Every structure is written in C-alpha cells, then in structure tokens.
Amino acid sequence: MKTQHVKKHVLTGISYMIPIIVAGGILGALAKGFGGYDIGSLVEPGATPFSNLNPFSWIGFWWGVNQISSYAMSFAVAVMTAGTAYSIAGKPAIVSGLVLGFVATQSNAGFLGGLLIAFCIGWFVNWMKTWHVPKWMKGLMPVLIIPTLTSFVCGMIFISILSPPLAFIMNHFQEWIISLNGGAKSLIGAVIGAGMGFDLGGPINKTASLAANALGADGINGPMAAKIVGGMTPPIGAFIATIIAKRKFSKAQIETGKAAFPMGLCFITEGCLPFAAADPFRFILCSMLGSSVAGAIATGMGVESVAAHGGIFVIPMMEKPLWFVVALLIGSCITGFMYAFIKKKDVLDEEAVESTVDLSQIDFEITIE
C-alpha cells in the first residue's frame, strides 16, 4: 500500500473522529466548569449509571452532561477505526471497525492500537472479497459472514497476540515509574509527563497516570501535578501550532485546534488525537518533549496536587499553583512552536479528506428467498 494511500485512509478515519472528539470534549468542559472538577464522582452508583440521577438538580444535571461526554469520548477511537477501515475496504468493514476499535479503547491500546486494527480489518475484508462463494451466499457476505468472521479473526489476533505482551510491558513500566520516586523530583515528573504526552490516552499514558495515582494514594502528590500538566500540554500545544503556522494546517485542523484549547484547559488530552493520528511521529515527538519539560518543572519546583483530575479548576487547590501555570505555559509553547516548525504541509491536508458515509445510500443487499 502506497504511503499516500495510507495517509488518505487515516485522514478519512480522522474526519469521522473529529466531531465526536469536539462534542464530547466541549460537553466535558462545560460539565467540569459548572459542576466542579470532581463532577464525575458526585452521584452514587446504582443498578444503572442513571439510577440515582436527579437531572433537575444542579449536580445531577451536570453529572449527566459529564456522563454523555465520557461516553462520547470512549467511542472516539472506535469511530476512527471504523472510518479508516471503511476507507480501505468499504461498507463491510464498518461493523468490525466499530467493534474492534472499542476493544482497542477498552484494552487501553489507544489510537495507535485503533489504527493498527483498522488496517488489519481492511486488509482482511479485502481478502475476503476475493473469495469465490456460491450464489446463495453472496447476499450474506456483507451483512453476516464478513463482519462476523472479521471481528472474530482480527479481534482474537488482537486479544491473543498483542494484548498480553502489552499488558506485561505496561505493568513493568508502571513499577519502574513508581521506583523513580526515591530520586530527583524533576526526573519522575519528566517521565510521567513524557508518558502522558506519548500516546494521549493509550497504554503508556494510562500507565503513567496510574503510577501517579498510586503515589498519590500514598500521600506523594508531586507526580499527580506532573500527570495533570503533562495531559494538558499536548492539546494546548496543538492549538498554539495551528495559530502560528496556519498555512501548514487545513481549515478542519485549525477548527480542531480551536476546540482542543478548552479541552486542554480541562485536562482532556484526547483533544489532540486528530493531530497525533494524522502525523504521529512529529506530533508525538513534540508532545512528549513539551509534556516532559512541563512535568519536570512542576515537580522540580514543588508543585503538588491532591486532585487527580480537573485541569484549570484544581489549580487553586495545588501547592505552588503559580509554578504549575509556568510549567503549563512553557510546556505548551515548546510543543506548539516545535510542531509548527517541523510539520510539513501535506497535499492531502489541503484537500481535507472529509468523505462521509451517506446512510441513505447503504444497501445491505438483504434478500429473502
């Protein structure tokens, strides 16, 4: 597969993901802004997530909004996976893309795992299309055989072959991060920050976050500040890059950058996923560098956070909050200016691949004999 074709497929998947990232991120920002940074934990769990919800109370209303945001964000990778798979192999790949994209999210494989499984699905579906099947089976291929067999084969390959070593590596990575706590504060801050900025919601990001949470549970709150600043830096940096190098970005990317800014302020790292998915090497490099510096500054200067989430809404609760702001500004500028400098203007970016699925044109070819 040619490089430009790979780029086209990825951009198509991103074009589907952008609206769900924007909608989910903005709703999450509103919920935390009006309901408080800890709005997600303010309603007691019941038989269902909404059992104890009173939507006519202030807390209940914004908790509901926050839940909608969480559900939307949990499907971002699945939508991207389905869109990419659709671009490669057409309609028969959509179902498997949604299913296995969500599997990638649940296994903490993140957008990199989603992209990998999307190409696996696309190639497998295209191979199945070459099968010579009896006439009576042709109508069943796109609605039954291809989605089911593809989900089964590609899904079990992912779960059986990719997930176990990933889990093993991440467990040891988390233990290593925690072991760094006995050394220089800035070192553990830099490592946690770099982890937060690497795969932006994927396994390394989640592992760094869990390591910070584990240390926070023991009363060591410096890594918690590094986690928050490391997660806020990438989307804010993406916004800065689109502002200072507009000619290198498509109109869709510029608008996505505008939406990424409030998401970054609210510690919604996924706001920059479209940039990372479209240009992973360059953006992740800049993201890791900015987040690493921000984390090192925050912990090195003694910033501590008792809150595990909340973005700008928990800054007043932090120890040495001004140094947190300084770390955030420096890290974001490093990411933004560096990415603006090294990003290449791509023809496909200018064309802004915005192909969409026209549901009215989908023919499932169901025949009843």
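Modeller: A residue is called buried when its relative accessible area is under 20%, and exposed when that value is over 50%. Please keep in mind that this is a predicted model.

Colleague: Is Gly290 buried or exposed, and in which helix is its place?

Modeller: The cut-off for a buried residue is under 20% relative accessible area. Gly290 has a relative accessibility of 0%, so it counts as buried. Its place is in helix 13.

Colleague: Which residues does Gly290 contact, leaving aside neighbours within four places in sequence?

Modeller: Contact here means heavy atoms within 4.5 Å. Gly290 and Met338 are 48 residues apart along the chain, and their C-alpha atoms are separated by 8.9 Å. With neighbours within four places set aside, the residues in contact with Gly290 are Thr233, Gly331, Ile334 and Thr335.

Colleague: Where is Thr335 found, and what does it contact beyond its neighbours within four places in sequence?

Modeller: Thr335 is found in helix 14, residues 321-342. Because its relative accessibility is 0%, Thr335 counts as buried. Beyond the neighbours within four places, its contacts are Thr233, Pro234, Gly237, Cys286, Ser287, Gly290 and Ser291.

Colleague: How far apart are the end C-alpha atoms of helix 4, and what span should its residues have?

Modeller: Helix 4 comprises 13 residues, 94-106. At 1.5 Å a residue, these should span 18 Å. The end C-alpha atoms agree with that expectation, being apart by 18 Å.

Colleague: Which residues of helix 4 are buried, and within what arc do they fall?

Modeller: The buried residues in helix 4 are Ser96, Gly97, Leu100, Gly101 and Ala104. An α-helix has 3.6 residues a turn, so residues three or four places apart point the same way. Seen down the axis of helix 4, the buried residues line one face, because they fall within an arc of 120°.

Colleague: What covers those buried residues of helix 4?

Modeller: Helix 4 is followed by Asn108, whose phi is positive, near 60°. As for the buried residues of helix 4, what covers them includes helix 3 (76-89), helix 5 (110-129) and helix 7 (141-179).

Colleague: What is the volume of the largest pocket, and which element gives the largest share of its lining?

Modeller: The volume of the largest pocket is about 870 Å³. Its lining consists of 35 residues, and those nearest its centre are Met73, Lys206, Phe267, Glu270 and His309. By class, the lining has 10 nonpolar, 19 polar and 6 charged residues. The largest share, 6 residues, comes from helix 2.

Colleague: Where is the place of Phe267, and what is its phi?

Modeller: Phe267 has its place in the loop between helix 11 (251-265) and helix 12 (273-278). It counts as buried, because its relative accessibility is 7%. Most residues other than glycine have a negative phi. The phi of Phe267 is positive, near 65°.

Colleague: Is Lys320 buried, exposed or partly exposed, and what is its phi?

Modeller: The place of Lys320 is in the loop between helix 13 (280-300) and helix 14. With a relative accessible area of 43%, Lys320 is partly exposed. Although Lys320 is not a glycine, its phi is positive, about 60°.

Colleague: How far apart in space are Asp218 and Glu175, C-alpha to C-alpha?

Modeller: Asp218 has its place in the loop between helix 9 and helix 10 (222-244). Asp218 is exposed, because its relative accessible area is 63%. Asp218 and Glu175 are 43 residues apart in sequence, and the C-alpha to C-alpha distance in space is 15 Å.

Note on methods
Residues numbered from 1 in each chain as written. Predicted model: local features only at pLDDT ≥ 70, side-chain atom pairs only at ≥ 80, totals over all residues. Heavy atoms only, no water. Helix = DSSP H or I, 4+ residues; strand = E, 2+ residues; numbered from the N terminus. Expected span 1.5 Å × (residues − 1). Buried < 20%, exposed > 50% of the residue type's maximum accessible area, 1.4 Å probe, protein only. Arc of directions from axis to C-beta. 1 Å grid on protein atoms, 1.4 Å probe; cavity = no way out; pocket = protein on both sides within 12 Å on 5 of 7 lines; lining within 4 Å. Points joined across faces, edges and corners; volume = space filled by probe spheres on them. Nonpolar A, V, L, I, M, F, W, Y, C, P; charged D, E, K, R; others polar.
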